[in-house]
Amino acid sequence: MARPHPAIGFAAVLALAACDAGEPPADAGPSAFAGDGFVQLEAVDATTLLLRTSRPLDPASGGAGSFRLTRFTVVPPEPVEIADARLDSSMEVTLRCAPLLDGQTYTLDVDVRDADGGVLE
């Protein structure tokens, strides 16, 4: 699989179902995915994503610049602004982004390191 950038270690796809009043639908559930160090990506509401990892993260590598969100349901794909990335615990990151649109597919590219300096892929 080709990577969009050599420094990007991981990409997760989040298909967002209809969000009413900023809340994800009951059947949307978190997105589970395979990847070294990543456990789950959840749309908390239309502007908040929660990323869970299986290993503690390096606090210096988790800023907003370490994440890239793209909407691929349109041509050409559109970047989505990530305004803030906050390390909530050593293994959870909350991302604040521009509003996500109902029924769209987004890809989150992640470039973070664990507490030991290893790249999560």
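## Ala 64 and its surroundings

In this predicted model, Ala 64 touches Ile 82, Ala 83, Asp 84 and Ala 85, when residues up to four places away in sequence are not counted; contact here means heavy atoms within 4.5 Å. Ala 64 lies in the loop between strand 4 (48-53) and strand 5 (67-71), where strands are DSSP runs of E with at least two residues, numbered from the N terminus.

Ala 64 counts as partly exposed because its relative accessibility is 26%, and that class lies between buried (under 20% relative accessible area) and exposed (over 50%), with a 1.4 Å probe and protein chains only. The C-alpha atoms of Ala 64 and Thr 94 are 10.0 Å apart, although 30 residues separate them along the chain.

Apart from neighbours within four places in sequence, Leu 95 is in contact with residues including Thr 47, Leu 49, Phe 67, Ile 82 and Leu 108.

## The chain as a whole

The protein chain has nine strands and zero helices, and buried residues make up 38% of its 121 residues.

## Basis of the values

Residues are numbered from 1 along each chain as its sequence is written. Local features need pLDDT of at least 70 and side-chain atom pairs count only at pLDDT 80 or more, while totals for chains, interfaces and linings use all residues, and side-chain values use heavy atoms, with hydrogens and water left out.

Note on methods
Helices (H or I, at least four residues) and strands (E, at least two) are DSSP runs, numbered from the N terminus.
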